[in-house]
Amino acid sequence: MAVANTLTLPGSAILVTGASTGIGAATARALGAAGARVGLVARRKELLDQVAAQTRAAGAPDVEVWAADLSDLPLAERVALEAWDRFGGIDGLVNNAGAPKRKHVTRLTADEVESIMTLNYFSPVRMTLALLPKMRERGGAVIVNVASLAGRVAPPREAAYAGSKFALNGFSEVMAVDLYDEPIHVKVIQPGPIETPIWGDVPDNEPPAYDGEFYPPQDCAEAIIELLTTDKFEIYVPPSLGDVAALKGQDVEGFIAGSAAFAKDPGAVNASYRNDPSTIPGRERS
Ligand SMILES: NC(=O)c1ccc[n+]([C@@H]2O[C@H](COP(=O)([O-])OP(=O)(O)OC[C@H]3O[C@@H](n4cnc5c(N)ncnc54)[C@H](OP(=O)(O)O)[C@@H]3O)[C@@H](O)[C@H]2O)c1
């Protein structure tokens, strides 16, 4: 039988990566408001210091900042272990740092794929495996991996990004299974289109095709808190996107045909990337 999740946020130590902007910063502030002790990791120290001040102002009794490039995997591991020592144990790890890679596969290089896998997949895996023995010995923790709808329903021109998020989902599912009888809980959040700098003019990325509705990063912060404190394994933001993933599973050939049509003319089938699962690309064929 699964061991129930008993994490309560006040006083708990939660390490959030990618906390300088977007979903990570919103999560840090929300955790602060819930009375958690919060560790923040990203590269840009000035932004982290600002988020740290906001997190303290929201109510966090203790906040620490680590400015680090998590693509440096030995450094990612060291940060995780340093944070463990600094807080005297970590109750929650939110693996959120990530970068986009919007590029047609014919223009993608192997180095770009490797670099996106390093940040989006290997760095959370490395931090998780570094802390896992300590978490098991201490007797409990919750790990929330910030994957993506793109890790269940791959978008056109995002092969490298989708690959990294599918990998993170697969790793998370098997961790949840392997640790089913232990008080170590592994969860995933699948954000859809969330209004953050990831959608902006990012170097070495092509412009996004999506031009539909965006959701606030606070919606993800709330979902991450729900995952940290309940027995839920997975949350889509918005929740209706779970139906999109389920529909894809029922007709994957239709989905691929519809996605190809979307890639050629986003206007024609753009509604499929919004909230109505009946308009998923390819639905009209089945
Ligand atoms: N926004 C969406 O629509 C959406 C949808 C699905 C999934 N997601 C996922 O949500 C997560 C957060 O993204 P976001 O949307 O909040 O975008 P964001 O505002 O651009 O946040 C990305 C965060 O990751 C950090 N980061 C990037 N490269 C890093 C590196 N090499 N080392 C350490 N930290 C690094 C960034 O900080 P620094 O630049 O300061 O290092 C920043 O704090 C990502 O994993 C993303 O894939 C987002």
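Author: Helices here are DSSP runs of H or I with at least four residues, strands are runs of E with at least two, and both are numbered from the N terminus. It's a predicted model, where local features need pLDDT of at least 70 and side-chain atom pairs pLDDT 80 or more, while totals for chains, interfaces and linings use all residues. Residues are numbered from 1 along each chain as its sequence is written, and side-chain values use heavy atoms, leaving out hydrogens and water.

Reader: Ok, where's Pro-61?

Author: Pro-61 sits in the loop between α2 and β3 (63–67).

Reader: Is Pro-61 buried or exposed?

Author: Pro-61 counts as exposed because its relative accessibility is 57%. The cut-offs are under 20% relative accessible area for buried and over 50% for exposed, with partly exposed in between (1.4 Å probe, protein chains only).

Reader: And what does Pro-61 touch?

Author: Skipping residues up to four places away in sequence, Pro-61 touches Gly-35, Ala-36 and Arg-37, where contact means heavy atoms within 4.5 Å. Pro-61 and Gly-35 are 26 residues apart in sequence, with their C-alphas 6.6 Å apart in space.

Reader: Switching to helices: how do α1 and α2 pack?

Author: Helix α1 (residues 22–33) and helix α2 (residues 45–58) pack at about 25°, with axes 7 Å apart. Axes are lines fitted to C-alpha atoms, for helices over the stretch in contact, and angles run from 0 to 180 degrees between N-to-C directions. So α1 and α2 are roughly parallel to each other; that label covers angles under 35 degrees, with over 145 roughly antiparallel, 65 to 115 roughly perpendicular and the rest oblique.

Reader: Which residues meet between α1 and α2?

Author: From α1 you get Ala-25, Ala-28, Arg-29, Gly-32 and Ala-33, and these meet Val-51, Gln-54, Thr-55 and Ala-58 in α2. By class, that contact has 5 nonpolar, 3 polar and 1 charged residues. Ala, Val, Leu, Ile, Met, Phe, Trp, Tyr, Cys and Pro count as nonpolar, Asp, Glu, Lys and Arg as charged, and the others, Gly among them, as polar.

Reader: How about α4 and α5, what's their geometry?

Author: Their axes come within 7 Å and cross at roughly 20°, so α4 and α5 are roughly parallel too. Among the residues meeting there are Ile-116, Tyr-121 and Leu-132 in α4, and Tyr-161, Phe-171 and Met-175 in α5. The α4 contact with α5 has 14 nonpolar, 4 polar and 1 charged residues.

Reader: And α3 with α4, at what angle do they cross?

Author: Helix α3 (residues 73–87) and helix α4 (residues 110–138) cross at roughly 35°, their axes coming within 9 Å. The contact includes Leu-73, Val-79 and Trp-84 of α3, plus Phe-122, Met-127 and Leu-131 of α4. Its class count is 12 nonpolar, 2 polar and 4 charged residues.

Reader: What does the side chain of Glu-206 make a polar contact with?

Author: With the side chain of Arg-107, at 2.6 Å. A polar contact is a pair of N or O atoms within 3.5 Å; within protein, one must be able to donate a hydrogen and the other to accept it, and residues adjacent in sequence count only if both atoms are side-chain atoms. Leaving out neighbours within four places in sequence, Glu-206 is in contact with Arg-102, Lys-103, His-104, Arg-107 and Arg-157.
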